[in-house]
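Hi there,

Here is the model I promised to pass on to you.

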Amino acid sequence: MDLKGKVALITGAAAGIGLAYSEELLKHGAKVSLCDIDSDIGEQIADELGAKYGRKNVLFCQCDVTDYPQYEEAFEMTIKVFNRLDIVINNAGVMNDRFWELEVDVNLNGVIRGTLLAYRFMGKDRGGQGGTIVNTASTAFARPQVSTPIYTATNYAVVGLTRAYGDQYHVNLTGVRSLVLCPGLTDTGLVKEIRKQLMSSEYEAAWQRDNANCKTQSSEHVGRALIEILTKGQSGSVWVVENGQAPREWRG
Ligand SMILES: NC(=O)C1=CN([C@@H]2O[C@H](COP(=O)(O)OP(=O)(O)OC[C@H]3O[C@@H](n4cnc5c(N)ncnc54)[C@H](O)[C@@H]3O)[C@@H](O)[C@H]2O)C=CC1
Ligand SMILES: CCCCCC(=O)/C=C/[C@H]1C=CC(=O)[C@@H]1CCCCCCC(=O)O
């Protein structure tokens, strides 16, 4: 896929994996709409990336993915500024099973909202040009993270959503392809104070076991993997990126 001049909207773009996706897309000549709930860091990141890759190529939209009207405004603003939309990356996520309703609202409902908006603004059946949706899940979908059952469930659901929408039936109808990237342990701010993120402090032993054999990878590695997946990923495909290795397709 030639990314030059393409427009990508990325959620959770102010930090971690979303920021790495954004920078890698800019390096490949795309324009990016950085969407994040955190406007202080988001504006600052947009300034920094704009100075490096050209101010006309970067936009920041303050957007909480749990708030449909705000999310819709981010799509409208992106298309108004860049005049097109080719790629939607549903990446914003949290891990906190204590606040599980919010976790489900961000990690699953947020991806559903982003997917429905992507079809509305890119779907050929809705007057659009077609495009690509990339969702971020986690390797927790393939090997359940026993210490965070609800976080794990949201990742299973995102993979199921992507596989169903990724079917050729939807591609024929809309011209939109859907892929899912599942990172393993990645060095970001997702885990701040693990004891407060597990449903029970008794789960700490399980948390240690869950992550015992994982090698931490950088968010930049996941960013580079995104470009490879965008280039060769078939609609409905599921990609695992872990331990700093090249992306590999998961075939269930
Ligand atoms: N870091 C890791 O080890 C792994 C992360 N993931 C997934 O990768 C995705 C990105 O996570 P990280 O970069 O690690 O986390 P992070 O905490 O570094 O970045 C997440 C970003 O999402 C934003 N955000 C949070 N709630 C939001 C909302 N309601 N609306 C809009 N933006 C919101 C935050 O402000 C932040 O900028 C998540 O979906 C996470 O589940 C998956 C596997 C491993
Ligand atoms: C010893 C713990 C070190 C810190 C671990 C950490 O930061 C974990 C991150 C996970 C949080 C959400 C995820 O999606 C991350 C990785 C999930 C990997 C699941 C590993 C299980 C396995 O591969 O068997």
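In strand E4, Val88 is the bridge partner of Leu9. Strands E1 (residues 7-11) and E4 (residues 87-90) pair in the parallel sense over three bridges; strands here are DSSP E runs of at least two residues and helices are H or I runs of at least four, numbered from the N terminus, and two strands pair if DSSP finds at least two bridges between them.

A word on the basis: this is a predicted model, in which local features need pLDDT of at least 70 and side-chain atom pairs count only at pLDDT 80 or more, while totals for chains, interfaces and linings use all residues. Residues are numbered from 1 along each chain as its sequence is written, chains are lettered from A and ligands numbered from 1 in the order in which they are written, and side-chain values use heavy atoms, with hydrogens and water left out.

The sheet is open, with eight strands in the order E3-E2-E1-E4-E5-E6-E7-E8 and mixed pairing. E3 (58-62) and E8 (248-250) stand at the edges with a single partner strand each, so one side of each is left without a neighbour in the sheet.

Now to the ligands. Ligand 1 is surrounded by 26 residues, and the closest are Ile17, Asp36, Tyr151, Thr186 and Thr188 (a residue counts if one of its heavy atoms lies within 4 Å). Its shell has 14 nonpolar, 10 polar and two charged residues; Ala, Val, Leu, Ile, Met, Phe, Trp, Tyr, Cys and Pro count as nonpolar, Asp, Glu, Lys and Arg as charged, and the others, Gly among them, as polar. For polar contacts with the ligands, the cut-off is a pair of N or O atoms within 3.5 Å. A polar side-chain atom of Asp64 lies 2.9 Å from a nitrogen atom of ligand 1, and a backbone N or O atom of Val65 lies 3.0 Å from a nitrogen atom of ligand 1.

Which residue has a polar side-chain atom 2.8 Å from an oxygen atom of ligand 1? That is Tyr151, and an N or O atom in the side chain of Tyr151 is also 2.7 Å from an oxygen atom of ligand 2. Ligand 2 has polar side-chain atoms of Ser138 at 2.8 Å from one of its oxygen atoms and of Arg143 at 2.5 Å from an oxygen atom. Helix H7 (residues 204-211) gives the most to the shell around ligand 2, with four residues.

Best wishes

How values were computed:
Polar contact = N/O pair within 3.5 Å; in protein donor to acceptor, adjacent residues only side chain to side chain.
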